[in-house]
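Please read them beside the sequence and the structure.

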Amino acid sequence: MDPVAVMRAARAVRDELDSLMGGASAELRDRLDPLLAEAGSRPPGQLADAIVMLIAQYGPAWNRLSALLNLEHGLAAEQVIPMLADTGGQTHPPQDRGGDAYDGGYDDIPSTGAMSVDWIPPGHAAGPASSQASQAPQAPQAQAPPTPPEPLAASRVPAGNRGPSVLDRLTGAFRRRRGDAPAPAPGSEWEGVPLIEAPTESVSGWGTEVSIGVAPGQGRDGTAAPREPVELDIQLVAEGFDAPAGWRVRLRADAASPYPRAAVNLIALAQEGPEVARQIQTIHSVRGQVVGFGLRAITVHGSPGRLGLEEAPEPVSGTRIRPALLGEPADVTAVIVHGDEPGRLWWTYRSPHFVTPDRAEFCDLGMRASEFGRNLTGQGRLSEELGRKVGSRVPRGFWELLNAVAGRVAPRRPSVLILSQEPHVPWELAALEHPYDPSLPRYLNCQTVTGRWPLGGRRPELPPPVSARADHVAVVYDEAQAHPLVTEYGAVQVSPALGDILGVLGQGPDIVHLTAGGSAAEALGRDLTGAPFVFLEEPGDAQAFLLAGASGVVEPLWPVGGGLAREFYRRCFTGEPPAEVLRSMRGQDPDSAGAYRFHGHPSLTLRRTAPPSG
């Protein structure tokens, strides 16, 4: 990677953000400007790595950055960042509060009975027939465990090594550990990518036909068929459009039609200004479990006289659709995507227990998501006020669905998976008005088994894994005495020196536990990538680890100190899911354990075959 080329291209992208992402540009600009300002005061290669990892999370900006580098410097995206050789960008537009637009209801659901997937909330027809346009003012719209690798050994990378960048070496190490294989030969295993075929531009008041469905992935000839028919539910979210025939289609992928599609008519609504950038987003699910996400940009003009100004359509950003990865679905999945205005977020829901409305709800944060999140977590403590502020921004439809599901699965606690394009707002800390267990704190992640997962690009993949190996543990620890993970579970203790960390990561630990490791923890959390399962005892960038393929990440929202590790691993290594362990510990110690949030599937378990050492 040529740092000078990357910096030049990044500045060009920064100048074009408004045209690339419209109202969604503010979020990326706020994160990119501080990095660009560090030019000259930070090692160029490290800074370039950080900038590329940031822009890669935003589809349109990433596409433009890679195009600039290809055009001016002959660098393919794969050369710029190897991790993205088989991925796409991740889109992070903006965010908001509402909830009064929801017209569904679950108040007549019986509290007991067998699971049903054909119950429809009152007031909803079986087919799609609603419009997002009326919701917002001015924005309508078990396999056998593999053979364990050789035991880990701490090692050091010579300081003078002039090989690939730290970013390249870490991502390469983790991809080797996960055993990423070459793409299967055409016809070997069915999978697909989100299909969104739409014109590059439209005009206010005009109808636009959009084809949505599944397309063969790169390197596939389209002849593969699923071993068993797959019933796909595809929901559209397109702010600034109306969908007269509804926002959801149901398709069947089988031998006769392995890559199905359907046409949906969208009508661009009236707008202020001569031109606005819009997004068409699709959420693909199977049996209540989200398995794919796609996004395509479209420009809407105020008059037809401006047609013909756009170039070829941007490629679809999104996640591969691989039903073979289906595991146990969460009882409730909330999908949160950015709207076209800062502070506006659109929520949709999935559940294996009920058919959910096809209309998205919006919430208005009143400010950018990053600012809203910082205002809450910057207090450095849990409080009823924090819980009420978060809870008041959660749309009413989520609470109604959660209450209905809680009644259906009782006495078991419901599980909740939050799939979100924005990483800032601690939705897990939303306070329930009527808690299911009055003896526990009212926060969502105390009353339910809650996990969180990023949404937007091809990494991390969907759905989140439900199982991860846990035999080989590396703990980054800066004290002379052995860490308890070393004495009790045979972990390898690694100093915070970056060379030592790189050496042990190259051998592929199943778990990386980072204590208060100073510069090493900061580097891994901000510039570098993750590990199969990561535990951070200091606040860090969990998303960076997940983009590199981590199966789950535990991190505190603010500094609280250590002390959870021994009990956390003792319970996880006996088969309890990390999400349930943390939920239980929050009830016992809300001031300390309450600061930790879990990124991963609520049902994820850590499989450990090696017995404790002590």
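**Notes on the predicted model**

1. V52 is buried, because its relative accessibility is 0% (buried means under 20% relative accessible area and exposed over 50%, with a 1.4 Å probe and protein chains only). V52 belongs to helix α4 (helices are DSSP runs of H or I with at least four residues, strands are runs of E with at least two, both numbered from the N terminus). Between V52 and W62 there are 10 residues in sequence and 8.3 Å in space, C-alpha to C-alpha.

2. On sources: this is a predicted model, in which local features need pLDDT of at least 70 and side-chain atom pairs count only at pLDDT 80 or more, while totals for chains, interfaces and linings use all residues. Residues are numbered from 1 along each chain as its sequence is written, and side-chain values use heavy atoms, with hydrogens and water left out.

3. A9 sits in helix α1 and counts as buried because its relative accessibility is 3%. A9 touches L65, L68 and L69, not counting residues up to four places away in sequence (contact means heavy atoms within 4.5 Å). A9 and L69 are 60 residues apart in sequence, yet their C-alpha atoms are 6.7 Å apart.

4. Helices α1 (residues 3–15) and α3 (residues 25–36) pack at about 145 degrees, their axes 11 Å apart (axes are lines fitted to C-alpha atoms, for helices over the stretch in contact, and angles run from 0 to 180 degrees between N-to-C directions). From α1, the residues M7, A10, R11 and R14 meet R29, L32, D33 and L36 of α3. The residues of this contact divide into 4 nonpolar, no polar and 4 charged (Ala, Val, Leu, Ile, Met, Phe, Trp, Tyr, Cys and Pro count as nonpolar, Asp, Glu, Lys and Arg as charged, and the others, Gly among them, as polar).

5. Two peptide bonds deserve a check. A410 and P411 are joined by a cis peptide bond with omega about 10 degrees, and P411 is in the loop between α10 (396–409) and β14 (415–420). The bond from L462 to P463 is also cis, omega being near -10 degrees; P463 is in the loop between β15 and β16 (467–469).

6. R287 has a phi near 50 degrees, a positive value in a residue other than glycine. Most residues other than glycine have a negative phi, and most peptide bonds are trans. R287 lies in the loop between β8 (275–286) and β9 (289–301), and counts as exposed because its relative accessible area is 63%.
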